[in-house]
Amino acid sequence: MPKPISIILISISLLIGFFFYSCSSTKNTNSNSKAGVVITFDDYFVNEWKEADAQLSIYNWKATFCVSDFEKLTTSDISNLKALQNKGHEIAGHGFRHLNAKEFAKRNNKQQYLKVEIFPLIEAFKKEGIEIKSFAYPFGAKTQTLDFELKKHFEIIRGTAKGGKKVADNANFYNGTRLANGIGIDSNYEHFDLNYIKKVLQYAKKHNKIVIFYAHKPLEKATNEYEVEMKTLQLICEFVKNNQLQFYTLKELNSLKKR
Ligand SMILES: [Zn+2]
């Protein structure tokens with residue numbers, strides 16, 4: 001006896017439904033990562049980073065310190081960086097001399113850039129027993145050619161992203177590639193206010209994303225450019241703790257990708 005047409009139609013719609021369900025679930029399992037944050041600091045404010053760590057370790061936080069200007073570091077800076085690394089933070093690179101990569105490579109060439117800015121950076125830290133696996137561009141100045149070259153030497157390369165009106169359109173969420181972009185949390189940035197940062201965090205939580213932040217010098221009160229207030233860092237850490245988000249370092253993003 002032939003099946004009634006209604007049964008055939010129901011079976012077809014179930015099949016179509018299942019097809020779309022499997023497509024959408026494939027999309028969601030693109031990354032096995034859990035929502036979280038990567039907090040990065042640039043330049044060489046080692047004393048202030050150490051001080052911030054003393055205050056924020058109650059959150060079991062993890063940060064990535066992207067260090068530049070190696071020749072300006074003191075012996076005590078180096079030992080403080082090692083201590084930070086031993087506590088689970090990542091020490092990353094930010095240029096041997098903090099050159100503007102885009103401009104320098106344009107005026108000279110990419111080989112020269114690697115020779116004066118990247119190889120000495122990797123070598124100097126290696127001599128101190130610190131292996132640099134991630135890199136943040138000074139001034140966020142980058143090119144695709146440099147990205148391609150730097151990928152040969154680092155696992156994750158961080159640029160900068162602006163905070164737009166619509167958080168969903170921001171480039172500051174980890175996108176599953178080795179090129180990541182951070183959003184600035186120093187107090188002087190145009191997009192910056194605590195409510196905006198909260199919105200970014202809430203978006204990450206809701207959509208299972210990892211936000212990448214970048215800052216420079218942590219202080220109780222910011223009075224200049226390149227300063228992040230401790231209350232901003234506390235707000236982020238509180239949010240992570242209260243919402244079961246996770247702290248990641250930059251290089252950990254690469255291992256998530258491989259999972
Ligand atoms: Zn910098």
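This report walks through the fold of one predicted chain, from its overall make-up to single residues.

## Basis and overall make-up

Residue numbers start at 1 and follow each chain as its sequence is written. In this predicted model, local features need pLDDT of at least 70 and side-chain atom pairs count only at pLDDT 80 or more, while totals for chains, interfaces and linings use all residues.

The chain has nine helices and ten strands. Both are DSSP runs, numbered from the N terminus: helices are H or I with at least four residues, strands are E with at least two. The chain holds 259 residues, and 39% of them count as buried. A residue is buried if 20 or more other C-beta atoms lie within 10 Å of its own, exposed if 12 or fewer, and partly exposed in between, with C-beta atoms placed from the backbone.

Two residues are in contact if their C-beta atoms, placed from the backbone, lie within 7 Å.

Strand S2 covers residues 63-67, and five of its five residues are buried. Both faces are covered. Ala63, Phe65 and Val67 lie on one side, Thr64 and Cys66 on the other.

S2 pairs with strand S1 (residues 36-43). The two run parallel and share five bridges. Two strands pair if DSSP finds at least two bridges between them. Phe41 has Phe65 in S2 as its bridge partner. S2 also pairs with strand S3 (residues 90-93), again in the parallel sense, over four bridges. Here Phe65 stands opposite Ile91.

S1, helix H2 (residues 46-56) and S2 form a right-handed β-α-β unit. S2, helix H3 (residues 75-86) and S3 form a right-handed β-α-β unit as well. A crossover is right-handed if, with the strands pointing away from the viewer, the path from the first strand over the helix to the second runs clockwise.

## Strand S6 and its partners

Strand S6 spans residues 179-184 and is mostly covered, with five of its six residues buried. Five bridges join S6 to strand S5 (residues 156-161), and the two run parallel. Gly159 has Asn181 in S6 as its bridge partner.

S6 pairs with strand S7 (residues 210-215) too, in the parallel sense, over two bridges. S6, helix H7 (residues 194-207) and S7 make a right-handed β-α-β unit.

## Helix H8 and its neighbours

Helix H8 (residues 230-242) packs with H2. Their axes come within 11 Å and cross at roughly 40°. That makes H2 oblique to H8. Axes are lines fitted to C-alpha atoms, for helices over the stretch in contact, and angles run from 0 to 180 degrees between N-to-C directions. Angles under 35 degrees count as roughly parallel, over 145 as roughly antiparallel, 65 to 115 as roughly perpendicular and the rest as oblique. The H2 and H8 crossing is right-handed. A crossing is right-handed if the near helix is turned clockwise from the far one by less than a right angle, and left-handed if anticlockwise. From H2, Ala52, Gln55 and Leu56 meet Met230, Leu233 and Cys237 in H8.

H7 packs against H8 as well, at an angle of about 25° and with the axes 11 Å apart. That makes H7 roughly parallel to H8. This crossing of H7 and H8 is right-handed. Leu194, Ile197 and Leu201 in H7 meet Thr232, Leu235, Ile236 and Phe239 in H8.

## Single residues to check

Most residues other than glycine have a negative phi. Asp69 has a positive phi, near 50°. Asp69 sits in the loop between S2 and H3. It is partly exposed, with 15 C-beta neighbours inside 10 Å. His98 also has a positive phi, about 65°. His98 lies in the loop between S3 and helix H4 (101-107). With 18 C-beta neighbours inside 10 Å, His98 is partly exposed.

Glu123 belongs to helix H5 (residues 110-127). Glu123 is exposed, because 12 other C-beta atoms lie within 10 Å. Glu123 and Phe96 are 27 residues apart in sequence, and their C-alpha atoms are 9.9 Å apart.
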